[in-house]
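Grab your viewer and work through these exercises one at a time. Try each task before you read its solution.

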Amino acid sequence: MPSRSSAVINGEFADLVIDESYNPYRTCIQGLANEPVCVQEILRRAERLLQGEPGFEGLGDYGQPAIVGRLASNRPRVAIIQGSADHPAHLYDHEHMLRAAARIWQNGGVPFTFGVPVICDGTAQSNIGQSYSLASRNHTAMAVNITFEGHCYHAAYVLSGCDKSPTGILSGLAAADRARRQPERGQAPVWAIFAPSHVLRGGEIPAATKARLQEIQAAAKAGGDPQLAADIEENFHYILQCSSDEAFLGQLNRAVKQGFCTRDEADRILDELAAATCHDKGGVCAFNGTGNSSRTLIAALGFAPRQVELLVDEPETLIVSYTVDQLFRVLNRPEFSVINVLARNYANAIRIHNATGSSTNLMLHMPAVMRHAGFDVTVFDYERVQESHPVPDVFAHSLTEGRDTFALAMQAQAGRHHGMESLYKVLADLGVPMDLDAPTMAGKTWRQRIANLRHAVDPDLPEKEAVIRVRPVRDISGTTVLRGNFFSTGVVKVAGMSTEQYTRFDGRCFIVRYYENEHVCSDEMQAADLVATLSQMDGLSEPLLAAVRKANGGSGPGDFKAMVEEGTLAFAFVIAGQGPKAFGMPEMFAPSQYLRHHGVLERTSILMTDGRYSGVTKGACIGHVTPEAFEGGGIGALVNGDVVWVRLGERRIDLLDGAAFLEGAKRPLAAPPLEARASLLAERRARMEKRLLQVAACSVLDHVSPAERGVVPEAVDRRAVEKWSV
């Protein structure tokens, strides 16, 4: 092996060799022959990048003999996992990777790198790309696992990006760690540290563009649609992000249909909004969607040190070196292996997910990670932890009041709070049972990490500006698991509902409006007069309208529009045939945005689907309904005019006996009407199978577990037999 002086080995790690009985780079000559050229070129590029940076001491000898020597002696082989540059979160992965590679070499390790494609869910919205989105998580897990195992790496330095990519990578690493637990392998476990991408700064609506939108508002008021004008005004208050662009799209489509602007004018405005949306540094969008929820999850699980948790720009060399050093300090310590860190922190992560109002999508991704790790964990474990102790909302995130994730990150950079450590301290101080003795990749337990925090949040930071609150915002929080007589489970993001909306919808009856796909629903929600369109749907009758009005607190006959506006007539927009096996479980973001930004319907209606929702979704949106329609689930048997009874306090949604309801009784059916509507179900199933042909065969989510078990491949699901408990 090269001398320490020629290799520039950091003295702290001079004697670090991975403790295992099997070294494939010693027992097989091919890897020892193939890989040094890859390592050498990475280091050559790293040296070019870092040459001249203050404090850079060089890399010493990184010729092929030196690299061979390290591989043969079982020095730490560390894979730097990066994303693809066609995603804004990964624009600076190349430079980040080179900085990490240099430090790994300086620490006596051997740096490797590989990348995985990362689908941008914003780009994939409302098109066929959403049918590939959830599949990409499973593909990422498989690709990471194959490369990590195929090249026999010891540890991973993960350039953690957006949406489901972080959980896909963590799943692949966890699967490798589980497989290495077999004694016949003779290998050390897997270690991993995550460095999340920086936060994307939100944009601003250009003044000229806003003026044109205000002209459309004036036209809408003059043309008899003050609601459209109000909806546009409400959207002005949001930071400009791709999510608010989608809301403007729906509003402008409504304006075009009523003649308040032309199609060309609407498209020109949308183009101007798009060009002003993303800061040229890229990053993870500033809303609390699945991207930032995944960042929160990774940090809550202990995989991201505070120094890299909430960055606002690409990380400097000093920060990267610090993070690499943290990884090296836990190598050869089994308690910090991926599976052990996961197991000890999983209940903590559930409580953090509740406290921060994070994405509904994590109700799929969290059990998926644990099942890849071999644990028999389902959404029911989430529910069990959630019910064992109430967790308040302590995360005052807002896209309209200057408290988005970019503001959160700026406060962290200014030392006004300590990110995840502050959240742990807040919850512990409030009596929430956090496992403070769980290990983290900072090389410390949570108790050690928060021991010197005098204040979780700087007391001089005005509360109205603070995203993390030491006093609870409200008692209800997180995502709730629902039951019903026509489905096993569904989930609703309570954090996405105002307290007033939650209270108003609790106990309300809703008339079903059924759709077989999201595009039909989206088109209808952009109708020039949606309320009038709904009044003409089949399945309605005067007795039904009167019964719903009475059940929801109204009295006597009433005008259809007035009943909708006052909330005594409410609709459940049901989009079925969107589950994993039916169509890849796409997000129903567009219809949820159109509902959310339609003042009347947002106050009165719910959305329900066997598909998913975007992490930024607000309002009464129930998703992940299991069993899905494609598998014969009761959601696929609903028809226009059915009535569902929503009891959020009891965590139930039930299909009512129609005849009894007309007589004034709320009597849930014993079971969904599957036999009575068998021919309808067969017709719908045939249409779902035909529609599925639009998805390429290699990405069909065919042999996967249901949403309750994370939509993981059957082999992963079958091997998840290890018991996990709080």
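Buried means under 20% relative accessible area, exposed means over 50%, and partly exposed is in between, using a 1.4 Å probe and protein chains only. Helices (H or I, at least four residues) and strands (E, at least two) are DSSP runs, numbered from the N terminus. The model is a predicted one, where local features need pLDDT of at least 70, side-chain atom pairs count only at pLDDT 80 or more, and totals for chains, interfaces and linings use all residues. Residues are numbered from 1 along each chain as its sequence is written, and side-chain values use heavy atoms, with hydrogens and water left out.

**Exercise 1. Find the buried residues of α29 and say where this helix packs.**

Step 1: go along the helix and list the buried residues: Phe589, Ala590, Pro591, Ser592, Gln593, Tyr594, Leu595 and Arg596. That makes eight of eight, so α29 is largely enclosed by the rest of the structure.

Step 2: look for the sheet. Two strands pair if DSSP finds at least two bridges between them. Here, eight strands form an open sheet with mixed pairing, in the order β5-β6-β10-β9-β8-β7-β11-β12. β5 (479-482) and β12 (652-655) are at the edges with a single partner strand each, so one side of each has no neighbour in the sheet.

Step 3: zoom in on one pair. β8 (residues 571-575) and β9 (residues 606-609) run parallel and are joined by four bridges, with Val574 partnered by Met608 in β9.

Step 4: place the helix. Contact means heavy atoms within 4.5 Å. Axes are lines fitted to C-alpha atoms, for helices over the stretch in contact, and angles run from 0 to 180 degrees between N-to-C directions. Helix α29 (residues 589-596) packs on the sheet and touches β8, β9 and β10 (621-626), and its direction makes about 170° with that of β9.

**Exercise 2. Work out what surrounds β3, and which way its side chains point.**

Step 1: check the cover. Six of the six residues in β3 (residues 155-160) are buried.

Step 2: sort the side chains. Ala155, Tyr157 and Leu159 point one way, while Ala156, Val158 and Ser160 point the other way. In a regular strand the side chains alternate between the two faces of the sheet.

Step 3: find the neighbours. β1 (residues 77-82) runs parallel to β3 with four bridges, and Ala79 is opposite Ala156. β4 (residues 191-196) is also parallel to β3, this time with six bridges; Ser160 has Pro196 as its bridge partner there.

**Exercise 3. How many disulfides does the count come to?**

Step 1: set the cut-off, a pair of cysteine sulfur atoms within 2.5 Å. The count comes to zero.

Step 2: check two cysteines. For Cys152, the closest cysteine sulfur is in Cys28 at 9.1 Å, too far for a bond. Cys521 is in no disulfide either, as the nearest cysteine sulfur, that of Cys621, is 10 Å away.
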